[in-house]
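Good morning, and thank you for coming. I would ask you to look first at the sequence and the structure, and then to follow me through them.

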Amino acid sequence: MRIAILLSAGRHAVSGRPAPVSVELQAIRLARELIRQMAGEVDGNAAGDITGFHAGPDAGPLKDALGHGLPRLIQLSIGAQDDPLPSLAAALGAERFDLVLAGRSGQGGEDAGLLPYALARTLGLPIVADACALAAGPQHGTVSLEQALPRGARRRLTLRLPALVTVHPAAPAPLPFAFAAMRRGMLETREGVPAPRAAGEVEERAYRARPKLIAKSAAGASATERLKAATEAASSGGRLIVDPAPEDAARAILAHLRQIGVLRD
Amino acid sequence: MSRLRRDLRMERATHRIEGTPRPRFDLAAMLAATPAAAGRLRRDPRGEERLALVPGTLRRRLDRTQRVAASAVAAPAAAVAEMAPKLVVIAEPAYLVAVVPDAPGGRLTPHDRQVIGAARLLADAGGGAVLALGEMPGEDLAAAGVDRVLGLPVAGYDPEARAALLHAVLDGLDIRHALLPESADGADLARRLAALTGETLFAGAESLTAKAVTRAAQGRRIEQRRAPPRLITLAADASAPHGGAPHEAIPVVFALPALMPGAILSAEFVPADPARVGLDEADFVVSAGNGVRDFTAFRALVEALNATPGASRMVCDAGLMPRAAQVGASGTVLDARCYFALGIAGAPQHLQGVARCEHVVAVNTDLHAAMIERAGLAIVADAQKVMPALIEALTGALAVEAQP
Ligand SMILES: Cc1cc2nc3c(=O)[nH]c(=O)nc-3n(C[C@H](O)[C@H](O)[C@H](O)COP(=O)(O)OP(=O)(O)OC[C@H]3O[C@@H](n4cnc5c(N)ncnc54)[C@H](O)[C@@H]3O)c2cc1C
Ligand SMILES: Nc1ncnc2c1ncn2[C@@H]1O[C@H](COP(=O)(O)O)[C@@H](O)[C@H]1O
């Protein structure tokens, strides 16, 4: 099993200093645990290898990723404003990887999470988003993964390899940093494919937090009305049953819960 | 001197009541006689209170909002029927704005409604119409502000196939913008579509007008701004849902292409374990207030309903439920779809925690509790009697199923 992990140059969420992105470190852990599981089954130590790829001018902060359990990192040297897609596509296309792991979205760049999709399209790989657990699949050449959905739900998928999978923050936390592992890890620099980005029509300015949308009432409304707008349901006009027999009440409640779809049987 | 000087003594003297040894004045008549100088009406607090008095209760109750629950039973329904909002028809749209709601289980989420509201904004700016892609009940879509509907028939979980169908629709119809929610499935679909079409995607827009969209980048240090492109995903709570008259939501015909099987061999939905998810992530919360005394029955009911337990502050303060279960301003603000409140009065601090819940069911002995007013289904009954009946109905149904 050969696994590639895409590592982007991130910024720390609080300090803003260059740092690896947390979901990509979580991807390293998922990959290592998958390989360990396969090694147990195949009974050989050549169960697989993990390689990190980064396209960018400087791999400096990504050395930390070596300390979090990545054995090898390949930096594809491109300009700071270049598009990483052609470099990554060339590097990943040259070697055959069974599984490519990426983060759900970067942190510190465009942060749109578009690169894995564009890469999957160029490489012709299927892509699955938001994995939070990986395991060997039921047949050879498949992997079974758990996809994180909102509200703690999961979707269990079986996926034919090769494939590209993005990792969700709900995955297990990254392996702890070890200095010796960072010293041991190999960092290799290769020439990337220069691909200057076309100037977009996007205008940039300092971020200004906008107030989240809450239920509004007319300006100048009384305090009661504002409170009502903040606490009342969007759809009013409920059904009222006064003093029913307990059995009737239970029946009405269950029918209502079934109708709105929260009670499945 | 612009204002006349009033002689208050003189004015009072004219209202003196004759024939009493002590001087007495008819002040009410005096009030009526004084000219409404400043133009401001004098408030009559007693009169207002009389109006707000709720009839037919033992304890004296005031309804300051003038919305008496007893009259709410019949009267408003007729009023609604009278002024049934008329349908907005866009017969010849200049262009289409497509939305792809998540609609889990065929129901629009609040996020979906916001996306449709944003699409309405883009459509109304130039005489366009909103096209919803997916299977959903029509009246839901009409109220949300959708003009046209087109189903995307995809079996099971196959996002690649959905993206391919969407790509065909985007190519085949005159679609100026396509809006998706930046939710788990919506975000995935939008990015697939962007990769398929090679167009730029404006991901996670945080504000949207017909002229400009903005989003955060570089770890929320930079705000990007541009004219709305064709593909946009909208963050939650960034745009208001459509509030006006319903639109027609009529189906359109379009020949969809055939599909190829994808790489996903099997997909299985694993619902969250309600006992393990946190209150903020829970989908269905059953909550106990001061009106619940039988907590064994309450716990059994929570388990039978397969819900996450919650409580009001009174219950947590009393140590009957853990503090982590507290719902409200100083507890957890819920994001649940349904909230079932047993014996909770509905203090403002508590209702703030339930503000985002779509459906509320309340059981309370007090007809005038705020929770009863907030609820979509309100039962005025003793919680101690309703809980066993509910457990009975649930387990009884199971037993009947198990027998044959
Ligand atoms: C700063 C501040 C923050 C607060 N934050 C929160 C918060 O985060 N969350 C919170 O919950 N509260 C909060 N509170 C407290 C809040 O104001 C209320 O005191 C509390 O919510 C009331 O809880 P309750 O409805 O369970 O109890 P009560 O007000 O005692 O209401 C009990 C209800 O049960 C009904 N009842 C009685 N017997 C029965 C029966 N047999 N069957 C059915 N119904 C019955 C009664 O009619 C009544 O409506 C806060 C208060 C303050 C000052
Ligand atoms: N320059 C890069 N080099 C390697 N991987 C990258 C690079 N940029 C983005 N990625 C990967 O793509 C994911 C999404 O990035 P983004 O599209 O920038 O949000 C990241 O989590 C990385 O796994």
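**Two chains and their interface**

In this model, 81 residues of chain B are in contact with 75 residues of chain A, where contact means heavy atoms within 4.5 Å. Please note that the model is predicted: local features need pLDDT of at least 70, side-chain atom pairs count only at pLDDT 80 or more, and totals for chains, interfaces and linings use all residues. Residues are numbered from 1 along each chain as its sequence is written, chains are lettered from A and ligands numbered from 1 in the order in which they are written, and side-chain values use heavy atoms, with hydrogens and water left out.

The size of an interface is often given as the accessible area lost when the parts come together. Here chain B and chain A bury about 6,900 Å² between them, and 58% of this lies on carbon and sulfur atoms; the figure is the accessible area (1.4 Å probe) that two parts lose on being put together, summed over both.

How many salt bridges does the rule find across the interface of chain B and chain A? There are 3, a salt bridge being a side-chain nitrogen of Lys or Arg within 4 Å of a carboxyl oxygen of Asp or Glu. Glu268(B) and Arg156(A) meet through their side chains in a salt bridge of 3.8 Å, N to O. On the side of chain B that touches chain A, helix H9 (residues 184-197) of chain B gives the most, with 8 residues. Helices (H or I, at least four residues) and strands (E, at least two) are DSSP runs, numbered from the N terminus.

Strand E13 (residues 239-242) of chain A pairs with strand E18 (residues 377-380) of chain B in the parallel sense over 4 bridges; two strands pair if DSSP finds at least two bridges between them. Within E18(B), Val380(B) is the bridge partner of Val242(A).

Let us now turn to chain A. Strand E1 (2-6) is among the elements that cover the buried residues of helix H3 (84-94). E1(A) is itself largely enclosed by the rest of the structure, because 4 of its 5 residues are buried. Buried means under 20% relative accessible area, exposed over 50%, and partly exposed in between (1.4 Å probe, protein chains only). E1(A) pairs in the parallel sense with E4(A) over 5 bridges and with E6(A) over 3 bridges. Arg2(A) stands opposite Asp49(A) in E4(A), while Ile3(A) has Leu99(A) in E6(A) as its bridge partner.

Finally, some backbone details. Most residues other than glycine have a negative phi, and most peptide bonds are trans. The peptide bond from Leu161(A) to Pro162(A), however, is cis, with omega near 0 degrees. Asn306(B) has a positive phi, near 60 degrees, and counts as exposed at 51% relative accessibility.
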